[in-house]
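Biologist: Could we go through this model together? I would like to discuss the ligands and their surroundings.

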Amino acid sequence: MGSANGLTNGRGGHPLFSFGVITDVQYADIPNGHSFLGVPRFYRHSMLVLQRAVKSWNNNKNLNFAIHFGDIVDGKCPKDQSLNAVKKVVGEFENFKGPVYHMIGNHCLYNLPRDKLLPLLKIPNLDGSRAYYEFSPAPGYRFVLLDGYDISAIGWPHDHPKTLEALKFLRERNPNSDKNSPNGLEGLDRRFLMFNGAVGEEQMEWLDSVLRDATNMKQKVVVCCHLPLDPGASSQEPLLWNYDEVMDVIHRYDCVKVCLAGHDHEGGHSIDSHGIHHRVLEAALECPPGTDAFGYIEVYDNMLSLVGTDRMKSTNIHFNPY
Ligand SMILES: Nc1ccn([C@@H]2O[C@H](COP(=O)(O)O)[C@@H](O)[C@H]2O)c(=O)n1
Ligand SMILES: O=P(O)(O)OC[C@H](O)CO
């Protein structure tokens, strides 16, 4: 089904392009465990989920690329195994017959500092440390991958200005001695935890310039970030510290149609006050043996169709194409 402007609409027609999605593989060669809140985590089985995802993506034959939304290995991975564990998971992704785009998550940074991590994840690394980037898989679309740990107490050297800025930020907002504890914090303030982070000023300016450029080029934008950007799609604790400032930039333009994230393992979906869809994807790590959470997204001129497998819920995301 073709539209007046020659782009493809709908499901029922051919998508413009399609891509595979999976998040929070959080692999470690350790026995099963659970989250702080008692949700079971299957550190070895998540590798099998990834292997089944790659097999399914390759069988599909129509996928142009794949995205992993961060947390490639778990923080509980023994530190002398971190490098090999990251290489092992990256190696599984490389069995996919197409490019794979990664972003960093807190668990990646518990294992390796960002200067080691970025080359392994093949994150374009212009100044040796920045982990945000963009690409355009088709003329009418642009993907923006944000670095939610730009300002963070994890991943930078201990005396780095960004570590110090993050620690000051947390001290001012979270009175607990364990800065991962939301005890006593109310409502959205419960996101001021050490396992989250923020988008810094330079990245914010970069985001603004990319969205301005996309608007001028009449491109639609999909924003990806490990950390969720909308409270309607996520519980309060996993949100990006300055999700509101990032959304203020995004809301200045009409080009962003969808924001995709990981980190909040049970997943979620919302439509914000400006009609932007937020879809937080279900985690591979929390799939009990034999179950899966991965999918692929077909992209049209006026919608994204997430075709989920098993625990990843299928979602049709309709939007105004203009
Ligand atoms: N509601 C919560 C969630 C987490 N914490 C703290 O975060 C650490 C990491 O949590 P995981 O879900 O990855 O296990 C955990 O050790 C707690 O310190 C918390 O206090 N309250
Ligand atoms: O993957 P983790 O351990 O950072 O946990 C993230 C939680 O789901 C946030 O509440």
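Biologist: To begin, how far is an oxygen atom of ligand 1 from a polar backbone atom of Asn-180?

Modeller: The separation is 3.4 Å. Please keep in mind that this is a predicted model.

Biologist: Which other residues have an N or O atom listed against an oxygen atom of ligand 1?

Modeller: Phe-36 places a backbone N or O atom 2.8 Å from an oxygen atom of ligand 1. In the case of Asp-178, a side-chain N or O atom lies 3.2 Å from an oxygen atom of that ligand.

Biologist: And how much of the accessible area of ligand 1 does the protein cover?

Modeller: On its own, ligand 1 has 450 Å² of accessible area, and the protein covers 73% of that.

Biologist: Which residues are around ligand 1?

Modeller: They are Ser-35, Phe-36, Leu-37, Arg-41, Asp-178, Asn-180, Ser-181, Pro-182 and Phe-195. By class, this shell comprises four nonpolar, three polar and two charged residues.

Biologist: Turning to ligand 2, what surrounds it?

Modeller: The surrounding residues of ligand 2 are Gln-26, Arg-41, Asp-71, Asn-106, His-107, Pro-238, His-263 and His-265.

Biologist: How does the shell of ligand 2 divide into nonpolar, polar and charged residues?

Modeller: It has one nonpolar, five polar and two charged residues.

Biologist: What about His-263: does the backbone or the side chain supply the N or O atom that lies 3.2 Å from an oxygen atom of ligand 2?

Modeller: For His-263, that atom belongs to the backbone. His-265, by contrast, uses a side-chain N or O atom, 2.8 Å from an oxygen atom of ligand 2. Gln-26 also has a side-chain N or O atom, 3.1 Å from an oxygen atom of ligand 2. The protein covers 82% of the 310 Å² of accessible area that ligand 2 has on its own.

Biologist: Changing topic, which residues does UniProt list for the domain?

Modeller: An unreviewed UniProt entry gives residues 19-266 for "domain: Calcineurin-like phosphoesterase". Over residues 19-266 the chain is 32% helix and 15% strand, with the end C-alpha atoms 21 Å apart.

Terms used:
Residues numbered from 1 in each chain as written. Chains lettered and ligands numbered in written order. Predicted model: local features only at pLDDT ≥ 70, side-chain atom pairs only at ≥ 80, totals over all residues. Heavy atoms only, no water. Near = heavy atom within 4 Å. Polar contact = N/O pair within 3.5 Å; in protein donor to acceptor, adjacent residues only side chain to side chain. Areas by Shrake-Rupley, 256 points an atom, 1.4 Å probe, with all protein chains shown as cover. Nonpolar A, V, L, I, M, F, W, Y, C, P; charged D, E, K, R; others polar. UniProt positions renumbered as here; feature names shortened; annotations may be inferred. Helix = DSSP H or I, 4+ residues; strand = E, 2+ residues; numbered from the N terminus.
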